[in-house]
Amino acid sequence: FRSLSLVLLVGAGLMIQSFLRLQRVNIGLDAKNILTATVILPQAKYREDDQRATFFKKLQERIQSLPGVQSASATTTLPLTGGNWGRSITVEGFPVLPVGQAPMIQHTVVRPDYFRTMGIRMIAGRDFTDTDTKGAPLVTIVDERLAREYWPNENAVGKRVRFGPPEDNEPWHTIIGVVGAVRHQRMQEDTRKSVYLAHLQIPANGVSLVTRTSSNPKDLVSAIRREVAQLDSDLPVSRIFTMEEVVADSIWQPRLYARLFGVFAGGALILALIGIY
């Protein structure tokens with residue numbers, strides 16, 4: 001029985017050590033004081049790209065003007081939530097690989113100010129702006145891992161990439177910026193190299209609003225609901241969490257395992273000590 005207790009204690013120690021190491025993983029952003037909330041526009045009511053782009057532009061401006069808000073933006077894929085919209089990539093000047101061999105890249109559509117709001121490093125180039133519209137030249141922002149892979153000794157800004165199978169002959173996107181790597185999957189899972197696209201050029205109907213505040217982000221919940229209702233009273237606002245809650249939720253399973261191992265190991269140790277006594 002003492003041998004079993006020792007095994008459980010060692011296992012619990014290793015599990016807790018792994019969990020503590022997981023908590024120190026760099027997720028590539030500053031989660032403090034960020035509120036997230038999901039808004040989805042019904043396709044039947046917002047059929048046109050211009051309608052969706054205009055709605056979220058107005059909503060971002062209204063949220064940005066709220067007291068206590070430092071910056072606001074939106075994204076189609078919230079980090080650490082397991083969102084995994086991937087497409088193949090072709091890089092200008094590199095061999096075109098056949099279907100199935102081209103690398104798959106994480107795609108995320110974001111609005112201007114997303115990187116500043118989330119505390120993601122802008123390493124080179126610029127952010128998206130309201131001039132990056134559907135009629136303007138197509139642009140993209142890549143993460144540092146993709147930039148290092150293809151242009152280790154060059155500046156990636158100004159290079160061109162396109163997405164989807166090569167035979168689709170999709171239009172080229174010019175890289176305008178390079179940002180730090182972010183974990184889009186759960187904390188314990190690595191994520192694909194990432195590219196970001198401008199929401200004004202690809203106006204998705206569903207986004208996660210992200211708002212950085214100067215105080216408790218939960219204080220803004222009713223104000224954000226009110227701003228959405230003033231633009232469209234039929235729209236629900238769902239999945240309202242702080243970014244710190246999102247981070248905590250991404251490691252709930254390892255945390256649970258660490259606690260269970262600790263409880264069982266502690267119980268076994270107590271029984272063993274009683275038996276020795």
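These are my notebook entries on a predicted protein model.

**Entry 1. Overall composition**

I began with the chain as a whole. The secondary structure comprises 7 helices and 11 strands. The protein has 277 residues, and 44% of them count as buried. Among contacts with a separation of 6 or more, 80% join residues 24 or more positions apart. The accessible surface is about 14,000 Å², and carbon and sulfur atoms hold 55% of that area.

**Entry 2. The largest pocket**

I next asked how much space lies in the largest pocket. The value is about 320 Å³. The lining of this pocket has 22 residues, and those closest to its centre are L78, T81, S208, R239 and F241. Two or more lining residues are given by each of β1, β10 (206–213), β11 and α6. Which element supplies the largest share of the lining? I found that β1 does, with 5 residues. By residue class, the lining divides into 8 nonpolar, 10 polar and 4 charged residues.

I turned to T242, which belongs to strand β11 (residues 238–242). Is T242 buried or exposed? T242 is buried, at a relative accessible area of 9%. I set aside the neighbours within four places in sequence and listed the remaining contacts of T242, which are I34, L35, P217 and K218.

Helix α6 covers residues 243–250, and its buried residues are M243, V246, V247 and S250. These residues lie on the same side of α6, because they cover an arc of only 100 degrees around the axis. I noted the general rule here: an α-helix has 3.6 residues a turn, so residues three or four places apart point the same way.

For α5 I listed the buried residues, which are V221, A223, I224, E227 and V228. Against which elements do the buried residues of α5 pack? They pack against β1, α2 (49–64), β10 and β11.

I then looked at L220, in the loop between β10 and α5 (221–231). L220 has a relative accessibility of 8% and therefore counts as buried, the limit being under 20%. Not counting residues up to four places away in sequence, L220 touches L35, L66, P67, V69, T211 and T213.

Strand β8 (residues 173–179) contains G177. The relative accessibility of G177 is 0%, and G177 counts as buried. Beyond residues up to four places away in sequence, G177 touches A124, G125, R126, T140, I141, V142 and V157. I also recorded the pair G177 and D143, which are 34 residues apart in sequence and 8.4 Å apart from C-alpha to C-alpha.

H173 is likewise found in strand β8. H173 is buried, with a relative accessible area of 9%. The residues that H173 touches, again leaving out those up to four places away in sequence, are L138, V139, T140, K159, R160, V161, F163 and L197. K159 is 14 residues from H173 along the chain, and their C-alpha atoms are separated by 8.5 Å. I noted that T140 is among the residues touched by G177, and that T140 is also among those touched by H173.

**Entry 3. Positive phi values**

Finally I looked up backbone angles. N33 is not a glycine, yet N33 has a positive phi of about 60 degrees. N33 is placed in the loop between α1 (2–23) and β1 (34–40). How accessible is N33? N33 is partly exposed, with a relative accessible area of 21%.

L80 also has a positive phi in a residue other than glycine, with a value near 70 degrees. L80 lies in the loop between β2 (69–75) and β3 (86–91). L80 counts as buried, at 2% relative accessibility.

Technical notes. Residues are numbered from 1 along each chain as its sequence is written. This is a predicted model: local features need pLDDT of at least 70, side-chain atom pairs count only at pLDDT 80 or more; totals for chains, interfaces and linings use all residues. Side-chain values use heavy atoms; hydrogens and water are left out. Helices (H or I, at least four residues) and strands (E, at least two) are DSSP runs, numbered from the N terminus. Buried means under 20% relative accessible area, exposed over 50%, partly exposed in between (1.4 Å probe, protein chains only). Contact means heavy atoms within 4.5 Å. Accessible areas come from the Shrake-Rupley method with a 1.4 Å probe; for residues, only the protein chains shown count as cover. The arc is that of the directions from the helix axis to the C-beta atoms. On a 1 Å grid over the protein atoms alone, a cavity is a set of points where a 1.4 Å probe fits but cannot get out, and a pocket is an open set with protein on both sides within 12 Å along at least five of seven lines; lining residues have an atom within 4 Å of a point. Grid points are joined across faces, edges and corners, and a volume is the space filled by probe spheres set on the points. Ala, Val, Leu, Ile, Met, Phe, Trp, Tyr, Cys and Pro count as nonpolar, Asp, Glu, Lys and Arg as charged, and the others, Gly among them, as polar.
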